[in-house]
Amino acid sequence: MSKQQVLERICKSGLVAVVRAENGDQAKRIAEACLAGGMQAIEITYTVPGAHHIMEELARAYSPSELIIGAGTVLDPETARISILSGAQYVVSPCLNVETVRLCNRYQVPIMAGAMTIKEIVECMEAGSDIIKLFPGELFGPAMVKAVKGPLPQAQIMPTGGVSVDNVQEWIKAGCVAVGAGSSLTAGAKTGNYAAITETAKRFLEEIAKARLAK
């Protein structure tokens with residue numbers, strides 16, 4: 001699948017599951033629950049033990065048309081390269097590392113670098129980040145996105161942190177191309193209630209669709 005196709009599918013869906021789990025089995029079950037809820041993009045973060053092995057297993061189990069596998073919390077180009085070789089189709093970082101962006105662009109893999117300020121957002125765009133991860137989102141709220149889109153309408157922003165079913169419409173209406181959802185989506189895993197994750201995923205997608213229709 002080409003870089004452009006991956007980006008288009010993520011933006012069309014509007015939702016990325018940020019998976020932070022205690023172990024590989026839990027991470028895989030979260031991924032399965034998200035898929036059952038209609039999601040297409042899963043981000044396995046490097047805070048999960050053996051993250052790249054989980055990516056490899058998911059890549060073997062699902063075709064790119066079924067699941068878009070991403071690597072999260074990628075801090076350097078070495079980790080990005082391991083991720084790509086393990087099956088990651090996009091890379092996400094909490095901050096900008098120019099060498100990581102260069103590597104991803106070299107292999108034509110979408111990169112989402114993190115930023116907190118307008119200056120950092122511009123630096124991410126100048127470096128070649130495809131989407132800007134506004135992080136941590138809960139410190140700013142949707143108003144930040146609306147403010148940024150004034151002088152920077154070309155900025156492609158995806159907030160992570162503080163995004164929930166209750167406020168996702170606000171984020172989308174503010175101009176976000178997608179949102180990253182972590183604990184608000186995957187909380188059920190802590191009690192083994194993976195059905196709750198599936199239902200929450202469905203609700204997220206429904207709210208995103210409503211917001212886009214209202215724009």
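Helix 6 (residues 118-127) lies across strand 5 (111-115) and strand 6 (131-134), running at about 160° to strand 5. Helices (H or I, at least four residues) and strands (E, at least two) are DSSP runs numbered from the N terminus. Axes are lines fitted to C-alpha atoms, for helices over the stretch in contact, with angles from 0 to 180 degrees between N-to-C directions; contact means heavy atoms within 4.5 Å.

This is a predicted model, where local features need pLDDT of at least 70, side-chain atom pairs count only at pLDDT 80 or more, and totals for chains, interfaces and linings use all residues. Residues are numbered from 1 along each chain as its sequence is written, and side-chain values use heavy atoms, leaving out hydrogens and water.

Eight strands form an open sheet in the order 7-6-5-4-3-2-1-8, with parallel pairing (two strands pair if DSSP finds at least two bridges between them). Strand 7 (157-159) and strand 8 (179-181) are at the edges with a single partner strand each, so one side of each has no neighbour in the sheet. On average, neighbouring strands are turned by 30° against each other, direction ignored.

Strand 1 (residues 15-19) pairs with strand 8 in the parallel sense over three bridges. Here Leu15 has Val179 of strand 8 as its bridge partner.

**Thr73 and its surroundings**

Look for Thr73 in the loop between strand 3 (68-72) and helix 4 (77-85). The Thr73 side chain makes a polar contact with the side chain of Arg20, at 3.3 Å. Not counting residues up to four places away in sequence, Thr73 touches several residues, among them Arg20, Glu43 and Pro94. A polar contact is a pair of N or O atoms within 3.5 Å; within protein, one must be able to donate a hydrogen and the other to accept it, and residues adjacent in sequence count only if both atoms are side-chain atoms.
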